[in-house]
Amino acid sequence: MKSPARRRPYGVKGAPYAHPSPATLERARSAPYFFLVPAALLFLLFFALPIGYAVWLSFRKVRVSGLGLGAGARAEVWAGLENYTAALSDGELLNGALRVLGYGCIVVPVMLGLALVFALMLDSERVRLTPFTRLAIFLPYAVPGVVAALLWGFLYLPDVSPFYFVLDRFGLPQPDLLDGGPLYLALSNIAVWGGTGFNMIVIYTALRAIPAEVYEAARLDGATPLQTALRIKIPMVAPSLVLTFFFSIIATLQVFNEPTTLKPLTNSVASTWSPLMKVYQDAFGNGDIHAAAAQATLIALATLLLSFGFLRTANRRTRQEAAR
């Protein structure tokens with residue numbers, strides 16, 4: 001008895017189940033590259049080219065002849081490293097970097113600490129209304145940064161803030177959060193309020209990926225919930241903590257929205273409070289686009305070096321612990 005003949009698939013010419021031709025194999029190999037073309041074009045047009053143009057501007061300057069009037073009085077010439085030398089010796093840029101460093105020393109530990117605590121609390125079996133609580137903690141992250149800064153800015157103003165009204169009614173001191181040292185706390189509060197939810201979701205997702213058998217083994221060994229959190233949960237979500245710390249460093253170095261939005265509300269925030277504000281002031285306030293390009297390039301290099309150094313240190317430590 002003969003077995004039934006296999007039918008040729010619809011639209012396929014030649015013998016069924018034949019080996020594909022070299023031309024067909026070549027088209028199959030090149031197909032993924034065609035799908036990458038749109039993403040590569042977007043990356044080139046909106047990321048690589050702007051960066052390259054900024055670097056090119058950073059090596060040039062405007063030379064003014066005479067009074068700067070008439071045709072040819074202002075010409076763009078090659079400046080070499082002159083803009084970079086001026087940026088590295090600029091006291092305002094260095095002071096802005098120090099202010100951002102102090103700001104980051106407050107924001108990063110507090111924000112990641114709260115995110116870890118909230119994630120561990122939501123992962124506990126005793127917590128009720130977990131979906132609502134998770135959404136409530138994450139919701140501030142969905143508020144645009146400018147809107148959040150305006151909201152907290154008006155809450156900081158003594159004339160319109162309900163907090164100052166309550167403090168006045170009870171005869172308590174009313175600190176000015178927009179002046180002097182408390183300004184760092186005011187700015188840090190905005191960043192912590194908006195960024196804790198995102199980091200909490202990242203850490204909480206990693207906690208939910210831990211197998212239930214690990215918790216069951218710890219429970220059989222007599223581990224308390226606190227011991228389980230300290231000895232099992234936190235070490236197993238260490239990669240997520242590294243990732244959130246990495247994102248937090250980048251966001252801290254690029255702080256711009258909060259001090260710029262609060263600047264009209266107080267005289268304590270200068271136009272060059274942060275390095276990015278200094279870049280904006282030089283580019284659009286002073287009209288020196290070449291100096292601003294050099295400063296932006298230095299900020300990008302500093303961010304790259306800090307991020308690369310942190311990731312390399314974290315990977316080295318991970319390999320050492322794995323070797324043990």
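## Contacts along the chain

In this predicted model, 64% of the protein chain's contacts with a separation of 6 or more come from residues 24 or more positions apart.

## Overall build

Let's step back to the whole chain. The protein chain contains 13 helices and two strands. Its radius of gyration is 28 Å, whereas a compact globule of 324 residues would come out near 20 Å. The C-alpha trace spans about 100 × 70 × 45 Å along its principal axes.

How much of the protein chain is buried? Of its 324 residues, 30% fall into the buried class.

## Where α7 meets α10

Now for a helix pair to find in the viewer. Helix α7 covers residues 182–208 and helix α10 covers residues 238–253. The two pack with their axes 9 Å apart, at an angle of about 165 degrees. Because angles over 145 degrees count as roughly antiparallel, α7 is roughly antiparallel to α10. The crossing of these two helices is right-handed.

Which residues make the contact? From α7 come F198, N199, V202, I203 and A206. On the α10 side, they meet S240, L241, L243, T244, F247 and S248. Sorted by class, this contact between α7 and α10 has seven nonpolar and four polar residues, with no charged ones.

Notes:
Residues are numbered from 1 along each chain as its sequence is written. This is a predicted model: local features need pLDDT of at least 70, side-chain atom pairs count only at pLDDT 80 or more; totals for chains, interfaces and linings use all residues. Side-chain values use heavy atoms; hydrogens and water are left out. Axes are lines fitted to C-alpha atoms, for helices over the stretch in contact, and angles run from 0 to 180 degrees between N-to-C directions. Helices (H or I, at least four residues) and strands (E, at least two) are DSSP runs, numbered from the N terminus. Angles under 35 degrees count as roughly parallel, over 145 as roughly antiparallel, 65 to 115 as roughly perpendicular and the rest as oblique. A crossing is left-handed if the near helix is turned anticlockwise from the far one by less than a right angle, and right-handed if clockwise. Contact means heavy atoms within 4.5 Å. Ala, Val, Leu, Ile, Met, Phe, Trp, Tyr, Cys and Pro count as nonpolar, Asp, Glu, Lys and Arg as charged, and the others, Gly among them, as polar. The radius of gyration is taken over C-alpha atoms; the globule rule is 2.2 Å times the number of residues to the power 0.38. Buried means under 20% relative accessible area, exposed over 50%, partly exposed in between (1.4 Å probe, protein chains only).
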